[in-house]
Amino acid sequence: MLTIGKLGEAAGVKVPTIRYYEQIGLLPEAERSSGNQRLYSRKALERLAFIRHARDLGFSLEAIRDLLSLSDKPDKSCAAADAIAKAQLAEVESRLARLTALKSELERMVVQCAGGKIADCRVIEVLGDHSLCSADHRHPEPEPN
């Protein structure tokens with residue numbers, strides 16, 4: 001059995017994050033010692049490592065919740081897990097496209113800046129007027145819930 005500190009150290013997750021994951025139900029509530037100290041099993045460590053790795057890959061907490069639920073049913077088809085991963089891949093590809101456009105725009109702004117006075121600064125001018133950008137690099141607004 002691991003204490004919360006040892007669990008966090010083993011999984012590379014901070015203690016407040018572990019408590020948060022317990023609070024939102026991603027991790028089951030820990031057993032308690034006679035001194036009321038949280039104690040975690042090897043299975044809890046594996047689950048936390050799964051969550052940490054999924055977060056490193058950019059999955060949302062809701063997607064992780066769904067993946068964990070699927071992982072608890074090893075005999076089911078992995079089509080749902082594939083769909084979740086494909087959606088994450090599409091989000092990463094979209095983010096990469098925005099970052100590429102952003103990089104190009106920043107490079108263009110820097111090259112066009114004459115290094116003179118602020119009154120003539122292309123960087124300030126472009127930041128003040130999005131229509132001067134060569135591409136749309138804005139992050140889409142999230143849809144209201």
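The largest pocket is lined by 16 residues, and P28, S41, K43, A44 and R47 are the ones nearest its centre. This is a predicted model, in which local features need pLDDT of at least 70, side-chain atom pairs count only at pLDDT 80 or more, and totals for chains, interfaces and linings use all residues. Residues are numbered from 1 along each chain as its sequence is written, and side-chain values use heavy atoms, with hydrogens and water left out.

A pocket here is an open set of points on a 1 Å grid over the protein atoms alone, where a 1.4 Å probe fits, with protein on both sides within 12 Å along at least five of seven lines; its lining residues have an atom within 4 Å of a point. The volume of the largest pocket comes to about 330 Å³, taken as the space filled by probe spheres set on the points.

By type, the lining splits into eight nonpolar, two polar and six charged residues. Nonpolar covers Ala, Val, Leu, Ile, Met, Phe, Trp, Tyr, Cys and Pro, charged covers Asp, Glu, Lys and Arg, and the others, Gly among them, are polar.

Now for helix α1 (residues 4-11), whose buried residues are I4, L7, G8 and A11. They sit on the same side of α1 because they cover an arc of only 95 degrees around the axis, going by the directions from the helix axis to the C-beta atoms. The face turned away from that buried side carries exposed E9 and A10. Buried means under 20% relative accessible area, exposed means over 50%, and partly exposed is in between (1.4 Å probe, protein chains only). The buried residues of α1 pack against β1 (2-3), α2 (15-23), β3 and α3. After α1 comes G12, with a positive phi near 75 degrees.

Leaving aside neighbours within four places in sequence, R52 is in contact (heavy atoms within 4.5 Å) with A11, G12 and V13.

| Residue | Relative accessibility | Class |
|---|---|---|
| R32 | 42% | partly exposed |
| R52 | 30% | partly exposed |
| Q88 | 12% | buried |

R32 is in strand β2 (residues 31-32), and a polar atom of its side chain lies 2.9 Å from the backbone oxygen of N36. Beyond four places in sequence, R32 touches Q37, R38 and L39.

R38, in turn, belongs to strand β3. Its side chain makes a polar contact with the side chain of E22 at 3.2 Å; such a contact is a pair of N or O atoms within 3.5 Å, where within protein one must be able to donate a hydrogen and the other to accept it, and residues adjacent in sequence count only if both atoms are side-chain atoms.

Q88 sits in helix α5 (residues 79-112). A polar atom of the Q88 side chain is 3.1 Å from the backbone oxygen of G58.

Terms used:
Helices (H or I, at least four residues) and strands (E, at least two) are DSSP runs, numbered from the N terminus.
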